[in-house]
Amino acid sequence: MRGPTRARGTRVRAARAAAVAISLVLVTAGCGGGSGEAAPTGDGRSSSATAAVDDGTTLTMWTRAGTEALSRAYVDAYNATHRNQVRLTGYPNEEYPAKLASAAGARALPDLFAADVVFAPQYAAEGLWQDLTDRLATTGLADRLAPGHVRAGTWEGRGYAVPHVIDLSVMFYDRKLFTRAGLDPDKPPVSLGEFAEAARAVGRLGGGVHGTYFGGNCGGCVEFTFWPSVWASGGTVLAPDGRSSTIASRQMADVFSLYRALYQEGVAAPASKDEAGPTWLAALKGGKVGIAPGPSAWLDLIEKAGVDVGVAAIPGLDGGESTFVGGDAVGIGATSAHAAQAWDFVAWTLSDAAQVEVVAKGKGVPVRTDLAVNAYSSADPRLVTINTIAAKGQTPYARNFNASFNDPQSPWLRAVRGALFGDAPAALAEGDAAITASLRQQ
Amino acid sequence: MRAVTGSGPRGRRRAAAGLLYASPTLVMVVTFFVVPLGLVGWMSLHRWPLLGTPTINAPDNYTAATGDSLLRSATWFTVKYTLVVTPLLFCLALAMALLVQHRRRGTGVVRTAFLLPMAVGFASASVLFLGLLSDEIGPVTGALTRLGLVDGYVSWVSGSPGSALGASVVLVLWRFGGFMMLLFLVGLQAIPTEVYEAARLDGASRRQILFRITLPLLRPTLALVLTLIVTGSLLAFDQFWILTRGGPDNSTTSLVMVVYRNAFVRFDLGSAAAVSILLLAGLLAINVVQLGVLRRRSR
């Protein structure tokens, strides 16, 4: 009897161990998928009833921490003047897509949620937002909104999200370090070659000062700051339909080659190689970096840290300028039962009052192209620079953008690391094929 | 046995009472284990969108998994990590348990010190290590530089695949060493002291006592600890997600991170479920073999 007893014991133990394993796998796999029913989009009711309602409803809204400040400014101003009350919750950037996916699977999306604009095509395609096409048409603002953002929120001809926050990539430079290095702080570089020379000049100051800084272990940071140089040089990164990569281009190789040289020469701070995003802002506002591209939304934060910061456009290899028109798009959660009230908030955020008195007043970039020049921007020439650049920028469009470019396991990050620190030609060629495969993955 | 399973009104009443006692556990197991497991299996046979109607696509999710290069590299890394962590954590915990096995002056303090890391949540511990090892804000690089052991900028968590793995292993040893020690300690204290006394009277050396008495009588605990370490290592996620983000260059991307990516980045729940089922099958096979071997040796 000992044999069978032992065998049973073994089976029981194995089953127990398996139970632990299964439980852990299930928890991490987020097994709370949907029940399989069609999502209650609310369109049946809302597509005909496009009116905004301000009846004292409490609305929930989610956003990512990176852009929470402006969302909160919107919300505070709206709550102060409306009967509806929006309750805003910010989530860490990296965890936010997972939070939305879990909520969608549980059919518990908030009434409103903003998301990184490059992820908007995926969310629109997955049906996470309600259809806003008819509602937006009633405002008459559709052709006055940032076009790249509007396209990002469009899937199969229908609009699901509108621009919420605009964040551009620009070149920040430390005017004091420029002066110390013998450079003219009123003449920022107008080509990538001049940028490199300026960085080298500042880098020669020593004493812990470095010429430049970049997020070499962060796919999102690199696309945000390097791609404008590619665009300004006449290159592309994606096919217009977002289903093919075009990164294996001469322009992309030359841009990477320049940054690679700056790193190898020690002009770029050594931490650039490992910068995954979390300490990027700290590096730029530390007063130890001469010139580096970064998000325009950080202008205020860098300035408040005591840096005498100048702003310039990100140049192309031989001149020209461009920017990555990033930021957030906002839409009404697919499972929201308060679409009319949520639309009241969304429509208000697009109004002159919100765009000038909330966004422009807070040194932000208006999402309305017709309000790029306003009373507040005219008072600060740097804001005029930022708002002018916006018209020259691009917002890449791809359904599988996150998996292909931003995720730490994306083929783009692998290509970036190879192009900056490894076998550059092979990295871009292999990356091009891998990214195209990822973009086409269903 | 007859009283419980026997026929007749009394037997049936006792069987019903037994079922009643077991029913709370039964409900929990069915609700939180059997049903989710069935759902994951069912999902793995479908294209399962976040919202909307799933459509059957079997066996696409499984065939796609076989051609996934990230999954292949993650599988190899997870196995490598398990092979590195298992002997290290096992030996460390056993050594710590043997060190504090007997009550002496100061033993309580040492036991507490060994156990303290358990009080820190694993995610918090990972963030703690991220800060400690940071060149910008952490003291480790500075201290090692002053000791002359490193020179200049060092990136512990993403500088190289080796250092990223090393940092994660040290974190796991620090966080789980005390817990595994506690399990060993319970096993050690279950061994009757008379056995040790008899061995000493027979002139057994310390080495003989360890290998002829302690370890053989500790086999059930050894099996438990090994199972926990291997299972935990194959399901590793937190330390890599927080400390290394799977990098550099995907060199520390574990299997569960691939499950996470498929579910929450690609929104492909069917594919995530398929990888989970494959991982589960692998875990079951490893545990069955592992426990089978340990049971045979204990005969």
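How many helices and strands does the secondary structure of chain A contain? The secondary structure of chain A comprises 20 helices and 11 strands, where helices (H or I, at least four residues) and strands (E, at least two) are DSSP runs numbered from the N terminus. The model is a predicted one, in which local features need pLDDT of at least 70 and side-chain atom pairs count only at pLDDT 80 or more, whereas totals for chains, interfaces and linings use all residues. Residues are numbered from 1 along each chain as its sequence is written, and chains are lettered from A and ligands numbered from 1 in the order in which they are written.

Chain A has 442 residues, of which 57% are buried. A residue is termed buried if 20 or more other C-beta atoms lie within 10 Å of its own, exposed if 12 or fewer do, and partly exposed in between, with C-beta atoms placed from the backbone. Of the contacts in chain A with a separation of 6 or more, 77% are between residues 24 or more positions apart; two residues are in contact if their C-beta atoms, placed from the backbone, lie within 7 Å.

Chain A is assigned two segments-based units, domain 1 (50–167 + 326–386) and domain 2 (168–325 + 396–440), the bounds coming from an automatic or database domain assignment. The centres of domain 1 and domain 2 of chain A, taken over C-alpha atoms, are separated by 27 Å. Domain 1 of chain A contributes 18 residues to the contact, and domain 2 of chain A contributes 21 residues. On the side of domain 1 of chain A that touches domain 2 of chain A, two or more residues are given by each of helix 5 (120–125), helix 7 (147–152), strand 6 (162–174) and helix 17 (381–390) of chain A. This side of domain 1 of chain A has 10 nonpolar, four polar and four charged residues. In this classification Ala, Val, Leu, Ile, Met, Phe, Trp, Tyr, Cys and Pro count as nonpolar, Asp, Glu, Lys and Arg as charged, and the others, Gly among them, as polar.

Helix 10 (residues 219–232) and helix 19 (residues 411–421) of chain A pack at an angle of about 70°, with their axes 9 Å apart. Axes are lines fitted to C-alpha atoms, for helices over the stretch in contact, and angles run from 0 to 180 degrees between N-to-C directions. Helix 10 of chain A is therefore roughly perpendicular to helix 19 of chain A, given that angles under 35 degrees count as roughly parallel, over 145 as roughly antiparallel, 65 to 115 as roughly perpendicular and the rest as oblique. Gly219(A), Val222(A) and Glu223(A) of helix 10 meet Trp412(A), Leu413(A) and Val416(A) of helix 19 in this contact. By class, the residues of the contact between helix 10 and helix 19 of chain A are four nonpolar, one polar and one charged.

Helix 19 of chain A is largely enclosed by the rest of the structure, because 10 of its 11 residues are buried. Among the buried residues of helix 19 of chain A are Trp412(A), Arg414(A), Arg417(A) and Leu420(A). Their cover includes helix 10, helix 11 (250–264), helix 18 (401–406) and helix 20 (424–440) of chain A.

Ala269(A) is situated in the loop between helix 11 and helix 12 (280–284) of chain A. Ala269(A) counts as buried because it has 24 C-beta neighbours inside 10 Å. Leaving aside residues up to four places away in sequence, Ala269(A) touches His210(A), Tyr213(A), Ala283(A) and Val289(A). Ala269(A) and Val289(A) are 20 residues apart in sequence, with a C-alpha to C-alpha distance of 8.1 Å.

Several backbone features were also identified. Most residues other than glycine have a negative phi, and most peptide bonds are trans. Arg107(A), although not a glycine, has a positive phi of about 55°. Arg107(A) occupies the loop between helix 4 (96–105) and strand 3 (112–116) of chain A, and counts as partly exposed, with 17 C-beta neighbours inside 10 Å.

In chain B, a cis peptide bond with omega of about 0° joins Gly247(B) and Pro248(B). Pro248(B) lies in the loop between helix 12 (238–244) and helix 13 (255–265) of chain B. Asn250(B), placed in the loop between helix 12 and helix 13 of chain B, has a positive phi near 65° and is buried, with 23 other C-beta atoms within 10 Å.
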